[in-house]
Amino acid sequence: MKILPIVLTCLALNTPFCEYKMGNLIESNKFNEVSLCSEGKLFRENIEIKVKTDDGEIIVEPSVNIGYSPEIFVANFLNNGLEQVLYSVESGGSGGYSYYQMFSFKDGISQSVFNSEDFKPTIEARYLDNNIIEINFQGKILYLDSSTSGCQNKDDCNLYISDVNTILPYYNIALDRYYLQVLQRIYGGYEANNFGYITSLIEVNEDGYNIISIGTTSNFSY
């Protein structure tokens, strides 16, 4: 009799879980059911995105299909009369990183149109006088205040720039279209010593993306 609760607990932890949303992903003005399904309770595995169509179901497996707190956001990113699915999943750990991938659907076929693992602009950073950090973002110069540094000696506090840390959907109400605001963390010595973020505003297209603007923002909680 003591074994039964343990068995039931294990079954509950591995029970598939699906979150449902709606969007016009296949045909304009026609809503489709979109679901994000996974197994596990806190740490999720076997994550899949499913889109119901008149001809059946399109199943998509993201390139990173394990992690914490998977989510999907359905919106107009490509401005092609349809909506797309932005997928995110957290890696866990102290870095606070997440992975992102965007999918479009056309003629019963899914296509990955953006993957945060492929976003790797060339960026260099160095300390200047008066607690200023100079950032060279692919030839564009940016500046960031480093007065919040926890480093006693900058010679022992090398500057680092993270890969994609967070992506925020950015809505332009005038164009009725979503963009991606990509945040990359700037830190000195260790990740907890965070100075701020490099922000890139991205327009996603069916054949890739364009960086519309770049800037910096001071450290904040989101």
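Start at the hairpin: two residues join strand S3 to strand S4. Strands here are DSSP runs of E, at least two residues long, numbered from the N terminus. This is a predicted model, where local features need pLDDT of at least 70, side-chain atom pairs count only at pLDDT 80 or more, and totals for chains, interfaces and linings use all residues. Residues are numbered from 1 along each chain as its sequence is written, and side-chain values use heavy atoms, leaving out hydrogens and water.

Select residues 43–53 (S3) and 56–60 (S4). The two strands run antiparallel, joined by five bridges. Strands pair if DSSP finds at least two bridges between them. Now pick isoleucine 49: valine 60 in S4 stands opposite.

Next, select lysine 52 and glutamate 33. Their side chains form a salt bridge (3.4 Å, N to O). That term means a side-chain nitrogen of Lys or Arg within 4 Å of a carboxyl oxygen of Asp or Glu. Lysine 52 sits in S3 and glutamate 33 in S2, so the pair ties together parts 19 residues apart in sequence. By this rule, there are seven salt bridges.

Go on to lysine 120 and aspartate 163. This salt bridge has its closest N and O atoms 3.8 Å apart. Lysine 120 is in the loop between S8 and S9, while aspartate 163 is in strand S12, 43 residues apart.

Stay in S12 and select asparagine 165. Is asparagine 165 buried or exposed? Its relative accessible area is 0%, so asparagine 165 is buried (buried: under 20%; exposed: over 50%; partly exposed: in between; 1.4 Å probe, protein chains only).

Technical notes
Helix = DSSP H or I, 4+ residues; strand = E, 2+ residues; numbered from the N terminus.
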